[in-house]
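Dear colleague,

Please find the structure below. My notes on what was found in it follow.

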Amino acid sequence: MATFAEYQNELYAQGLTGHQPQYPVRFADLEEKASAAMTPKVWEYVAGGAGDEHTQRANCEVFKRWGLYPRMLVAPTERDMSIELFGVKLPSPVFMAPIGVIGVCAQDGHGDLACARASVRTGVPFFEGTLSADPLEDVAAVLGDTPGYFQLYTPPDRDMAASLVHRAEAAGFQGIAVTLDTWVTGWRPRDLRGSNYPQVPSGCLSNYTSDPVFRRKLQPGEDATEVAVRTLPIFGGPFRWDDLDWLRPQTELPLMLKGICHPDDVRRAKDHGADAIYCSNHGGRQANGGLTALECLPDVLDAADGLPVLFDSGVRSGADIIKALALGATAVGIGRPYAYALAVGGVDGVVHVLRSLLAEADLIMAVDGYPTRKDLTPEALRFVG
């Protein structure tokens, strides 16, 4: 059984030799260092959100409206945070949420590979994105036996969409998450004021330019990247219920629908063959003024009626992870913390942040008397307004 809390002992032990942790422990410090490590345009893209970023901020603030009851005289010396997802046992309920163009956060431009290496070292699953600096096969090779998933922006060209799905399946990814809320780019003032469209050119089109269906359509001498920029909707296209009906039989992999926050959509998704719901509002990056993902989570869970529900948006700490789990999320995704860590410290930085988040979550379970993941229930929380 993994004892994530041991990481704090490693950090304290550094003090015995006159050293301090190489990377920030608090999210605010990590964010500050990342802003200095990234170029201004990359920073604005990664840190920014839609509109005046109210929803982005609210995603974080809403966690403070819930409190965990401490339970004494339990003192669990061992805690079990493991979960089972799609028949696979995972050591923790945490995963690295898909982040488009994560490659640019690494100093060498290959952030997807770096995150895959961090996944192997921590056991925290990584979602390889369609907008990747490296082909999905290369990322899967780095992951090896560590479970990973593929995030799909679905091209309108169904032959190409099917090709991406079949490639992910052949490469060994263990599930596919179809992103539903990014078929157009949201209103992002930070990017707009600099006329910065970070997806082009940014070295994130390798999954398109390496695709055999795409390459068969190239004319002799054509540059694959230039053709992709000119002819493809970078985020895929509109994805509707009839598209889901087409996609479902294309793969035997578990199919997750990312961006669903309304219970009616959950019920309909189940009827159309979804294997899991991924409750997310894209971290507030796509639409401003909506409900926070955490506010939507209870109704999503009720409508899912036992179907796995993954969750992200606004998670910044181990306490946030615990609260999302207690509300009922099957697994909790981390976004900006690992993107910032990648910019600050590469693979080692991501490993540090993931281990820190898991250590804090583990220690909260220890101090507050929750021995296992199953002990974290909605009854363990109180809404404090």
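Tyr 153 lies in the loop between strand β6 (148–152) and helix α7 (158–171); helices (H or I, at least four residues) and strands (E, at least two) are DSSP runs, numbered from the N terminus. This is a predicted model, in which local features need pLDDT of at least 70, side-chain atom pairs count only at pLDDT 80 or more, and totals for chains, interfaces and linings use all residues. Residues are numbered from 1 along each chain as its sequence is written, and side-chain values use heavy atoms, with hydrogens and water left out.

With a relative accessible area of 5%, Tyr 153 is buried (buried means under 20%, exposed over 50%, partly exposed in between, with a 1.4 Å probe and protein chains only). Beyond its neighbours within four places in sequence, Tyr 153 is in contact with residues including Thr 130, Tyr 208 and His 282 (contact means heavy atoms within 4.5 Å).

Arg 285 lies in the loop between β9 (276–279) and α14 (293–304). Arg 285 also counts as buried, at 11% relative accessibility. Its contacts, leaving aside neighbours within four places in sequence, include Tyr 45, Arg 188 and Arg 336.

Elsewhere, the axes of helix α2 (residues 27–37) and helix α16 (residues 336–368) come within 8 Å and cross at roughly 105° (axes are lines fitted to C-alpha atoms, for helices over the stretch in contact, and angles run from 0 to 180 degrees between N-to-C directions). The two helices are therefore roughly perpendicular (65 to 115 degrees). Among the residues that meet are Phe 27 and Leu 30 in α2, and Pro 337 and Tyr 340 in α16.

Yours sincerely

Notes: Parallel < 35°, antiparallel > 145°, perpendicular 65-115°, else oblique.
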